[in-house]
Each structure stands twice: as structure tokens, then as C-alpha cells.
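Biologist: Can you take me through this model, one spot at a time?
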Amino acid sequence: METERAETEPMLIRADNAGVTTLCLNRPLQLNALSEAMLDALQCALDAIAQDAKVRCVVLAGAGKAFCAGHDLREMRSHPSLAYYQALFARCASVMQAIQALPVPVIARVHGIATAAGCQLVASCDLAIAAHDARFAVSGINVGLFCATPAVALSRNISPKRAFDMLVTGRFIDAATALDWGLINQAVAADELDAAVLAKATEIASKSPSAIRHGKALFYRQRHLALHDAYACAGDVMAHNMMEEDAGEGLDAFLAKRAPVWTS
């Protein structure tokens with residue numbers, strides 16, 4: 001990936017290939033910091049993908065030597081206004097929630113560092129694959145700022161005590177620790193990262209689109225319900241999924257010992 005971005009290059013690069021859409025943060029000199037413009041570009045891209053039936057899986061990556069270093073601190077410091085900060089963090093929260101609301105899985109492709117809101121991005125994605133040398137932190141505390149919004153996503157990925165330790169110390173964890181704690185799904189050698197991400201995205205893209213849509217929405221919805229309500233919700237989703245053409249095709253193909261042909 002490019003280590004510098006020319007003025008004419010987009011801040012966010014979208015590439016589509018066989019149902020897999022890659023969104024690459026393209027501010028390498030700023031370690032892909034989430035400026036207002038970057039957040040707007042991400043929101044626009046996610047909104048478009050949500051309406052694009054051809055997309056089966058999304059990969060979120062970063063250009064240059066890092067995945068994402070969080071918010072653009074220089075830009076933040078130049079706007080010392082409570083209203084500005086409230087709007088900025090609301091905009092960031094909207095992007096994070098849009099990732100989870102997408103009807104298709106999102107994979108974070110992590111290299112270098114993922115700090116503060118960059119770590120929040122990783123935690124907000126459905127899946128994450130990182131290079132062995134990747135490092136993760138919610139380090140705002142080191143500059144006098146508790147990473148409150150990253151805490152929301154982080155504490156939904158790893159145990160409360162581990163999340164709180166990271167938040168109050170600002171310490172980095174390596175990819176092996178992130179894997180052990182459940183922040184990422186897989187850690188691979190740096191030169192194997194692209195292949196590992198592509199393999200996972202291709203595997204997901206081969207599944208029934210309608211089943212994935214039903215499944216992702218249900219997965220997050222049921223987590224916040226009581227056990228009885230979660231089963232009721234899941235049963236209803238599964239029943240509706242069974243009425244989809246793809247489910248009939250999948251079952252018929254299994255019984256006939258042939259590969260299914262998805263139509264949705």
C-alpha cells in the first residue's frame with residue numbers, strides 16, 4: 001500500500017472484487033487518523049454499501065505503516081468547543097454503529113498500530129485479522145483523555161477488567177494478547193495478512209447472502225435480550241430465514257449431494 005497520499009487521491013479508497021469490498025483509510029502520513037473528513041467519507045461509503053446488493057463482505061484496511069491511530073488530535077485541539085466535541089463523537093459513534101448495522105460482515109485488516117478510536121474500529125468490526133506485529137491500545141489516558149467512546153466497543157469484545165485495565169493505563173497489547181483476549185480472530189505473519197483476510201472474506205462471500213443478512217442482524221440483537229426473549233427472537237428469524245429461496249435451495253442441494261446455487 002502507498003505510504004504517501006497525493007492531494008488528488010481520495011481519503012478513503014473503495015475497491016470491489018467478486019463480492020468483497022475493501023475500504024482503505026488513506027491518510028498514511030497521519031497514520032490514518034479519523035479526521036472529520038475521514039469520518040464523513042466512511043459514513044458515506046457505509047451508507048452506499050448498505051444499499052448495494054452485490055456486496056457480500058467488507059474489508060476495512062489502512063494505507064501506510066498503521067491501521068488507524070484514532071482521532072485527529074491536531075484537528076480536535078483546534079476546535080476547543082463543547083458543542084464541537086459532542087458533534088464529533090456523535091459522528092464517530094454513528095460510523096461505528098453503521099459498521100455493525102451493515103447487512104454483511106466487516107473484517108478489520110490490522111497492521112501497525114490500532115489506537116484509541118482506531119482500536120474502537122477494530123472492536124466495532126464483526127471480525128478482525130491482524131499481523132503478528134500489530135499493537136492495540138486505548139491510550140487517550142496518556143494525554144489526559146479517557147477513551148470513553150472506544151470503551152463502548154472494547155468492553156463488548158473483551159472482559160470488563162481487561163478493558164478497564166487498558167483504558168486506565170493506556171498500555172499497548174500485542175496481537176497474541178489481542179487474540180487470546182478475543183479482540184481479534186486471527187494473528188498471522190505480516191506477509192500472510194492479505195492472503196488470510198482474502199481467504200476469510202472469500203469464504204463468507206460464498207455463503208447465502210440472505211442467511212448472512214438474517215444472521216448478522218440477529219446476532220447483535222439477541223445479545224442484549226433476556227434468554228427467553230433471545231430464543232423467541234432467534235426462532236422467529238430462523239423461521240423467516242427458512243422461507244427464503246436460498247434456504248430451500250441449500251437444503252435441496254445438501255440432500256441431493258450437490259453444490260447450492262444462491263439466488264439472493
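Biologist: Where is V168 found?

Modeller: V168 is in helix α6, residues 160–169. Helices here are DSSP runs of H or I with at least four residues, strands are runs of E with at least two, and both are numbered from the N terminus. This is a predicted model, where local features need pLDDT of at least 70, side-chain atom pairs count only at pLDDT 80 or more, and totals for chains, interfaces and linings use all residues. Residues are numbered from 1 along each chain as its sequence is written, and side-chain values use heavy atoms, leaving out hydrogens and water.

Biologist: Why does V168 count as partly exposed?

Modeller: Because its relative accessibility is 38%; buried means under 20% relative accessible area, exposed over 50%, and partly exposed in between, with a 1.4 Å probe and protein chains only.

Biologist: And S139, buried or exposed?

Modeller: S139 is buried, because its relative accessible area is 18%. S139 sits in the loop between β7 (135–137) and α5 (148–154).

Biologist: What does S139 touch?

Modeller: Leaving aside residues up to four places away in sequence, S139 touches T115, A116, C147 and G170. Contact means heavy atoms within 4.5 Å.

Biologist: New topic. How do β1 and β2 pair?

Modeller: β1 (residues 12–17) and β2 (residues 20–25) are antiparallel, with six bridges. Two strands pair if DSSP finds at least two bridges between them. D16 stands opposite T21 in β2. In this hairpin two residues lie between the strands, and A18 has a positive phi near 55 degrees.

Biologist: What is the strand order in the open sheet of three strands?

Modeller: The order is β5-β7-β8, with mixed pairing. β5 (113–115) and β8 (173–174) are the edge strands, each pairing on one side only.
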